[in-house]
Amino acid sequence: MGGGDASINIPAYSLNQADGEALISQMAISSVNATFNVPSTPPPFVNIDGSFDNGVVGHEYGHGINIRLVGGRNNSGCVTAVESMGEGWADFIGKIITLKNIDNGISLNGVGTFVVGQSISGQGIRPAPYSGNIANNPMTYQTLIDDPSNATFTVPHGVGSVWAGMLWDLTWDLIAVHGFTDDVYDSNGMYGNTIGLNLVIEAMKLTACNPGFVDGRDAILQADDVLYGNGVAGSATGANQCVIWSAFARRGLGANASQGGNNITSDGNADFTLPSGLGCSPNYLIDNGDDASQQICQGTTCLLYTSDAADDLLC
């Protein structure tokens, strides 16, 4: 166990909540005997803990942000609905603040891979790893609707992961258009990853208490108006309206999507179409089925992405 005294050598064993609850229930009616076995192949890093996983730490920091902003700064209980995106916002924050210029939107990017002993390209602890490739991450608003018992998309983490996947697509579409910066603190810069972060944070301030997915999408469109348009939310003047609609429509939150009630995830309607009169034909980095080579530039350095290479990003 922990402690500064080297003479403390009592072993500690951790287990998940479901197993723990099962043991507690059994101990209420009888004695419980347990056998501990040393694994034949020790894990590569014995001190596996969430505190060593940057994505997990960033995720928890993300909770601090969305809990304080959604529904207003004086209301900390606004991310508790069944269709709440709280866990998704948290996953997104953990991901975007750890992005590097060698990453790309198609690669598998799981959450909590370190804490479960997986490589960085593992699935992690969500129903699917984040990826702009629909084959790698098939999660859409429709797949959420098609799981009425929330057996796969559990509340709240599984539900939130669908939202985070949409924000991940949006970020990489923005990077395809605006490029990438290593300086995530450059909030005034016009790079895709910082624009994505700005939009999501600003949208939280514009999101009503206990929102659903359509509410969240609309808030991001409004945030674009506020930050990159004429400053009036809902004016559809933001510079990134086409990018935003493209990313959400790809994942089933298109123009005709409806969310139904916010305390059920199966009563909405998915839609994969763009608004009429949008005035653009999006064709960004992670469009489904797009096999064209595309270039992303940062300053004078350009990277060539070829989707034929699955998840390779070539200089």
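The chain's secondary structure comes to eight helices and three strands (DSSP runs numbered from the N terminus; helices are H or I with at least four residues, strands E with at least two). This is a predicted model: local features need pLDDT of at least 70, side-chain atom pairs count only at pLDDT 80 or more, and totals for chains, interfaces and linings use all residues. Residues are numbered from 1 along each chain as its sequence is written, and side-chain values use heavy atoms, with hydrogens and water left out.

**Overall fold**
- Along the sequence, the pattern reads α-α-α-α-α-α-α-α-β-β-β.
- Of the 315 residues in the chain, 44% are buried (under 20% relative accessible area; exposed is over 50%, partly exposed in between, with a 1.4 Å probe and protein chains only).
- Among contacts with a separation of 6 or more, 58% join residues 24 or more positions apart (contact means heavy atoms within 4.5 Å).
- The accessible surface is about 15600 Å², and carbon and sulfur atoms hold 52% of that surface (Shrake-Rupley method, 1.4 Å probe).

**Largest pocket**
- The volume of the largest pocket is about 670 Å³ (the space filled by probe spheres set on grid points, which are joined across faces, edges and corners).
- Lys95, Thr98, Asn109, Thr113 and Ile120 are the closest to the pocket centre among its 28 lining residues.
- A pocket here is an open set of points on a 1 Å grid over the protein atoms alone, where a 1.4 Å probe fits, with protein on both sides within 12 Å along at least five of seven lines; lining residues have an atom within 4 Å of a point.
- Helix H2 (54-69) and helix H3 (86-96) each supply at least two lining residues.
- The lining holds eight nonpolar, 14 polar and six charged residues (Asp, Glu, Lys and Arg count as charged; Ala, Val, Leu, Ile, Met, Phe, Trp, Tyr, Cys and Pro as nonpolar; the others, Gly among them, as polar).

**Gln123**
- Gln123 sits in the loop between H3 and helix H4 (141-145).
- Gln123 is partly exposed, at 38% relative accessible area.
- Beyond its neighbours within four places in sequence, Gln123 contacts Gly110, Val111, Gln118, Ala128 and Pro129.
- Val111 is 12 residues away along the chain, with 7.3 Å between the C-alpha atoms.
- The Gln123 side chain reaches the backbone oxygen of Pro127 at 3.1 Å.

**Ala239**
- Ala239 lies in the loop between helix H7 (213-228) and helix H8 (241-250).
- Ala239 counts as exposed because its relative accessibility is 62%.
- Outside four places in sequence, Ala239 is in contact with Asp224 and Tyr228.
- Asp225 is 14 residues from Ala239 in sequence and 7.6 Å away, C-alpha to C-alpha.

Methods:
Polar contact = N/O pair within 3.5 Å; in protein donor to acceptor, adjacent residues only side chain to side chain.
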